[in-house]
Amino acid sequence: MKNNLFHQHTDSPHLHTSTQPPLLSLLKEHFGFTAFRPLQEEIIRDVLAGRDVVALLPTGGGKSLCFQLPALARSGLTIVVSPLIALMKDQVDGLRANGIAATFLNSSLTAQESQVRLRGLHQGDYRLLYMAPERLMLPGYISLIRNFQVNLLAIDEAHCISEWGHDFRPEYRRLVELRDQVPALPIIALTATATARVQEDIVTLLRLRDPACYVASFNRPNLTYQVQPKDNPFGQVLAFLRTRPKDCGILYCQSRKTTESVAERLRDHGINAQPYHAGLSAEQRTQHQELFLRDEIQVICATIAFGMGINKPNVRFVIHYDLPKNLESYYQETGRAGRDGLPSECVLLFSAGDTVKQQRFINEKTNFQEQQIANRQLQEMVQYAECGTCRRRTLLQYFGEHVDTEHCDGCDNCLTPRDTFDGTDAAQTVLTCVEEIRGSGGFSVGLNHVIAVLTGANTEKIRRWGHDRLTSYGKGTTHRRPELAAISRELIRLGYLQQTADPFTVLEVTDQGQHFLQEPQTLMLTKPMSTPERKTPSVGDLDHDEMLFTRLRQLRKTLADEADVPAYVIFSDVALRQMARDCPTNEQEFLQISGVGKRKLEEFGPKFLAVIAGHLENYAPLTIPKESNPPPAPPVSSRKRPLGDTVHQTLSYYRSGHSIEQIAKQRGLVISTIYGHLEQAIQAGELVDLTQLWTTEQELEMTGAFEKTGFGNLTGVKELLGDLYDYGQLRLFRAVHGKI
């Protein structure tokens with residue numbers, strides 16, 4: 001980071017080794033993990049040393065643990081400031097499931113329920129108390145800090161304190177009063193999204209004293225980012241969901257009306273979806289949220305009112321039906337996906353029309369400074385949507401993170417780079433028009449007026465200002481208006497044009513643009529976006545027994561319903577997949593599963609171990625008698641079945657000598673999809689030479705493995721052969737031998 005305040009601390013000088021609590025043992029006992037995520041341990045040790053701390057960790061990076069574990073490492077109470085009721089309940093449910101004494105006080109409780117919890121606080125029954133900032137600052141509640149043994153104030157979503165933050169909340173500003181009321185109380189401020197300016201505001205406005213400031217990488221490597229041109233958005237969303245029937249996700253919309261209409265249309269097409277927005281009753285919002293958390297519905301169609309407090313780890317996709325208002329919101333909302341670390345997708349549907357809608361909202365603001373901030377943020381959002389370079393790199397650089405590589409192989413621009421064209425003439429036309437307009441009247445105009453001049457529009461302003469007499473008038477008619485807008489915005493991104501907002505947003509030619517007009521050189525611009533071919537997510541290809549995973553999910557659902565909590569409070573998908581892969585057979589092995597601590601071992605271990613044991617008894621690879629193997633399928637008919645264009649394209653590449661990896665890279669698909677295409681071709685009767693994929697010795701080895709386990713047990717074969725072969729090779733071998 002450029003800001004000297006924010007750097008990574010390796011250790012705290014205030015805490016001697018002899019006094020350090022056994023953090024790793026607490027981590028395993030209460031949370032089931034054997035190692036910390038980046039920066040967690042350093043942050044926790046500074047908290048325990050009584051130092052003010054600022055922690056910027058990405059969504060899913062483990063912010064909550066940074067104050068939850070210190071609360072267990074010593075006596076006393078930690079007060080957590082949380083902006084949403086949903087967030088409080090979600091975190092408290094998770095803590096209680098791990099055997100940790102936590103509670104919350106908010107408006108969802110009756111007076112009697114609040115009294116019971118207050119008595120428990122007086123008796124020292126709790127380690128963590130969650131409260132909203134408004135309630136904490138009430139005179140009666142400030143006395144809590146004096147009456148109880150409070151040793152830490154944790155302020156979650158701390159970016160809300162800054163007007164430059166994407167979710168400014170005035171009530172957060174009052175929290176600084178606690179510095180005067182209880183000056184000795186240490187504070188930890190946490191957020192997942194904050195630019196350098198917001199980071200400085202957090203330190204200044206909370207009056208933090210010599211804070212230890214930590215900034216982790218904002219990169220979420222398991223997320224793929226994709227922007228699609230918005231064309232029949234409902235059809236695009238429906239097609240996306242049809243190919244992911246087992247995955248759940250969030251669909252963000254700009255308006256309440258859109259959330260309801262899209263959810264209704266999805267239900268009409270057999271997809272379980274519900275809306276979520278501030279216009280619904282509190283009871284409806286709670287019901288829809290709970291249904292989503294418990295995997296009862298596949299898609300939640302929501303405005304930005306949904307998500308800040310959601311800790312659902314297995315959200316596999318986030319779709320933006322409309323353009324977010326800024327990059328901070330976009331980053332935080334996409335951050336709802338893949339919190340369990342498994343591959344997940346982020347799709348933005350973009351159209352210039354959405355930009356116009358956002359601009360209307362901005363123009364309605366009465367505060368000029370707010371307008372300026374919103375205009376700048378919208379420009380940055382549009383630049384991200386239209387850029388032809390790595391989207392991950394663009395996001396990370398926005399948050400001030402240095403990025404070494406030009407390509408991430410995890411966004412549409414890296415996986416399927418857009419074509420470029422010689423834009424020299426188009427750039428000259430646009431730049432010349434901007435210069436002529438300023439030269440003719442001594443003032444600059446906005447992008448829309450420039451495009452109107454270039455396309456020869458007959459507007460009142462053009463006639464009044466005499467812009468119909470400029471040589472540039474009508475010179476851009478070889479391009480459509482959206483194309484000229486895209487070209488102009490790319491010239492802004494490349495530094496040939498700049499947009500100023502003093503007092504109105506206008507276009508001006510930069511020094512770089514002036515030099516280009518004087519000495520033109522070939523300028524390659526990016527072609528507008530086109531809808532890319534769908535890429536199959538790789539989640540389903542993870543190395544685990546899918547049948548066992550399904551049974552474990554069913555057990556988890558039953559236990560969650562009985563306990564009246566979301567399914568992931570019992571175990572995450574990551575833990576279930578690890579169980580389905582490692583098949584633990586005793587408590588010691590079960591304790592090695594990620595997320596299994598002492599409490600969960602005692603409460604859930606026997607039930608999950610029983611399901612695993614039953615599955616192994618019936619489906620263990622080496623104990624299935626040969627006669628119980630499924631009968632071989634009949635030989636493939638010599639009459640070929642029709643194949644889709646995408647399979648034919650893969651087959652053509654393969655027959656021309658390209659490797660599987662080369663085809664995947666060329667087509668912007670994952671390797672498992674290419675294997676799947678070849679498998680479909682074989683099943684359809686196509687002749688596919690597979691000798692380039694394995695040697696004679698490898699073929700004999702695979703034959704022996706299949707003979708031991710049977711052709712119906714692909715997982716058993718994979719376990720026998722280990723990492724020498726992937727599932728794609730084994731499926732092809734099975735397909736070519738007619739044993740599917």
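Here are some friendly notes on the structure above, taken point by point.

1. **The overall picture.** Please keep in mind that this is a predicted model. The protein chain has 740 residues, and 53% of them are buried. Its secondary structure comes to 33 helices and 17 strands. If you look at contacts with a separation of 6 or more, 73% of them join residues 24 or more positions apart.

2. **Salt bridges in general.** Side chains of opposite charge can pair when their charged atoms come close. How many salt bridges does a search of the whole structure find? The total is 26. The next points look at some of them.

3. **A buried pair.** Start with Arg391 and Asp412, which form a salt bridge with their closest N and O atoms 2.7 Å apart. Arg391 sits in helix H16 (residues 391–398) and Asp412 in helix H17 (residues 412–415), so this pair ties together parts that are 21 residues apart in sequence. Are the two partners buried or exposed? Arg391 is buried, with a relative accessible area of 0%. Asp412 also counts as buried, because its relative accessibility is 6% and the cut-off is under 20%.

4. **A pair linking a strand and a helix.** Glu508 and Arg438 meet through their side chains in a salt bridge, at 3.9 Å from N to O. Since Glu508 belongs to strand E16 (residues 505–509) and Arg438 to helix H18 (residues 424–441), the pair ties together parts that are 70 residues apart in sequence. Glu508 is partly exposed at 22% relative accessibility, and Arg438 is partly exposed at 38%.

5. Arg174 and Glu177 form a salt bridge in which the closest N and O atoms are 3.0 Å apart. Arg174 counts as partly exposed, at 39% relative accessibility, and Glu177 counts as partly exposed too, at 29%. Elsewhere, a network of salt bridges links Asp295, Lys312, Arg556 and Asp573.

6. **Helices H30 and H33.** How do H30 and H33 lie relative to each other? The axes of helix H30 (residues 671–683) and helix H33 (residues 727–736) come within 9 Å and cross at roughly 5°. The two helices are therefore roughly parallel. On the H30 side, the contact uses Tyr675, Leu678, Glu679 and Ile682. Their partners in H33 are Gly728, Gln729, Arg731, Leu732, Ala735 and Val736. Sorted by type, the residues of this contact are six nonpolar, two polar and two charged.

7. **Helices H18 and H19.** From H18, Thr429, Val430, Cys433, Val434 and Ile437 take part, meeting His449, Val450, Val453 and Leu454 of H19. This contact divides into seven nonpolar residues, two polar and no charged.

8. **Two covered helices.** Helix H13 (residues 327–334) is mostly covered, with eight of its eight residues buried. Among them are Glu328 and Glu333, along with Tyr330 and Tyr331. What covers the buried residues of H13? The elements include strands E8 (223–229), E9 (248–252), E12 (315–320) and E13 (344–350), together with helix H15 (368–386) and H16. At the start of H13, a side-chain oxygen of Asn326 comes to within 3.4 Å of the backbone nitrogen of Glu328. Helix H3 (residues 65–73) has eight of its nine residues buried, so it is largely enclosed by the rest of the structure. Its buried residues include Cys66, Phe67, Gln68 and Pro70.

9. **Two residues with positive phi.** Leu39 is not a glycine, yet its phi is positive, near 75°. You will find Leu39 in the loop between helix H1 (23–31) and helix H2 (40–48), where it is buried with a relative accessible area of 8%. Arg207, also not a glycine, has a positive phi of about 50°. Arg207 lies in the loop between helix H9 (196–205) and strand E7 (212–215) and is partly exposed, at 39%.

Terms used:
Residues numbered from 1 in each chain as written. Predicted model: local features only at pLDDT ≥ 70, side-chain atom pairs only at ≥ 80, totals over all residues. Heavy atoms only, no water. Salt bridge = Lys/Arg side-chain N within 4 Å of Asp/Glu carboxyl O. Buried < 20%, exposed > 50% of the residue type's maximum accessible area, 1.4 Å probe, protein only. Helix = DSSP H or I, 4+ residues; strand = E, 2+ residues; numbered from the N terminus. Axes fitted to C-alpha atoms, helices over the stretch in contact; angles between N-to-C directions. Parallel < 35°, antiparallel > 145°, perpendicular 65-115°, else oblique. Contact = heavy atoms within 4.5 Å. Nonpolar A, V, L, I, M, F, W, Y, C, P; charged D, E, K, R; others polar. Polar contact = N/O pair within 3.5 Å; in protein donor to acceptor, adjacent residues only side chain to side chain.
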